[in-house]
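Subject: Structure handover

Hi,

Here is the structure I promised to pass on. Have a look at it first, and my notes come after.

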Amino acid sequence: MNSPGKPSVLFVYYTHTQQSLRVAEAMAGVLRERGCDVTLAGIEFTDPHYSRKFGRFPFRHAVFDLLTVLPAQTRRATGQISIPDAAREGDYDLVCFGSPTWFFTTNMPLRSYLKSAEAGKVLAGKPFAAYVVCRRYWSINLKEVRKLATAQGGAYADGTKFQFAGGQVRSLLSLLSYFGKGEMRERSLGMKIPPTNLKPDFAGQAQEFANKLADSLDGALAAAGGMSTSDQTTNLANGEPKAQQRTAHE
């Protein structure tokens, strides 16, 4: 339950390897220090077509298990998910979405939430931000999240990315190796590979982004005396125009 007088922030995220959660926790720590009530709500991927494979880590067969969602991802389909009570409804001052990229775009679990009636209840008239945890193609993912959340009545405030180390080929080998073994390895297919997942300095980046959101949130709430809800939302959504321009390009 939100505390009277405190800005309230909801994180809605999907994660398979806990990377999106790690970012949410780092950001939540900053926002709580800044006086916000913060709620974390993890989406569960329960679709019977995929849950047997995605319900375990590491994968039994990394490449083949991942490929099972490729046709649905190509169609930008939705699937069955479990939505925490906190993400079903609520009067939040800011909603922040976090998730990995799957096959170039937003993953099915988060897309399914963003197209749900529950998301409409949470987002209607509210500002939202987003972050992407990925190897590549963060901008495509972020643009889809922005489009879907805006269609549900939200107002885009800001977005950022947390990108893994390595080039296109080596970072892919690293991630597949991690998916299949559940641990970091130095080599794959005879090739030296970089560490995968979040870089060691991700916490600093997460804290910086959270402080930007808190600054905008503080400004919007401080100026909210006598404003309508729509005016307050517009104020926060316009708080970081330069950041919005940066996220338009990878």
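Below is what turned up, going from the whole chain to single residues.

First, some ground rules. This is a predicted model, so local features need pLDDT of at least 70 and side-chain atom pairs count only at pLDDT 80 or more, while totals for chains, interfaces and linings use all residues. Residues are numbered from 1 along each chain as its sequence is written, and side-chain values use heavy atoms, with hydrogens and water left out.

**Overall**

The protein has 11 helices and 10 strands (DSSP runs numbered from the N terminus: H or I of at least four residues for helices, E of at least two for strands). Of its 250 residues, 51% are buried; buried means under 20% relative accessible area, exposed over 50%, and partly exposed in between, with a 1.4 Å probe and protein chains only. The exposed surface comes to about 11800 Å², with 52% of that supplied by carbon and sulfur atoms (Shrake-Rupley, 1.4 Å probe; for residues, only the protein chains shown count as cover). Take the contacts (heavy atoms within 4.5 Å) between residues at least 6 apart in sequence: 79% of them join residues at least 24 apart.

**Core**

The largest nonpolar core holds 68 residues, and Phe-11, Met-27, Phe-97, Tyr-113 and Tyr-131 have the most contacts inside it. Helix 1 gives the most to this core, eight residues. (A core here is a set of buried Ala, Val, Leu, Ile, Met, Phe, Trp, Tyr and Cys residues joined through side-chain atoms within 4.5 Å.) Skipping residues up to four places away in sequence, Met-27 touches Phe-11, Cys-96, Tyr-131, Ala-206, Phe-209, Ala-210 and Leu-213.

**Pocket**

This may be the part you want. The largest pocket has about 670 Å³ of space and a lining of 28 residues, with Thr-101, Phe-103, Arg-135, Leu-175 and Phe-179 nearest its centre. On a 1 Å grid over the protein atoms alone, a pocket is an open set of points where a 1.4 Å probe fits, with protein on both sides within 12 Å along at least five of seven lines; lining residues have an atom within 4 Å of a point. Points are joined across faces, edges and corners, and the volume is the space filled by probe spheres set on them.

The lining divides into 19 nonpolar, seven polar and two charged residues (nonpolar is Ala, Val, Leu, Ile, Met, Phe, Trp, Tyr, Cys and Pro; charged is Asp, Glu, Lys and Arg; the others, Gly among them, are polar). Helix 8 (168-181) provides the largest share, four residues.

Most residues other than glycine have a negative phi, and most peptide bonds are trans. Here, a cis peptide bond joins Phe-57 and Pro-58, with omega about 0 degrees. Pro-58 sits in the loop between helix 2 (51-54) and helix 3.

Phe-57 is also one of the contacts of Thr-17, along with Tyr-178, Phe-179 and Asn-197, leaving aside neighbours within four places in sequence. Thr-17 is in the loop between strand 1 (8-13) and helix 1 (19-33) and is buried at 14% relative accessible area.

In that loop, too, is Gln-18, a non-glycine residue with a positive phi near 75 degrees; Gln-18 is partly exposed at 38%. Arg-76, not a glycine either, has a positive phi of about 55 degrees and is partly exposed at 39%.

Cheers
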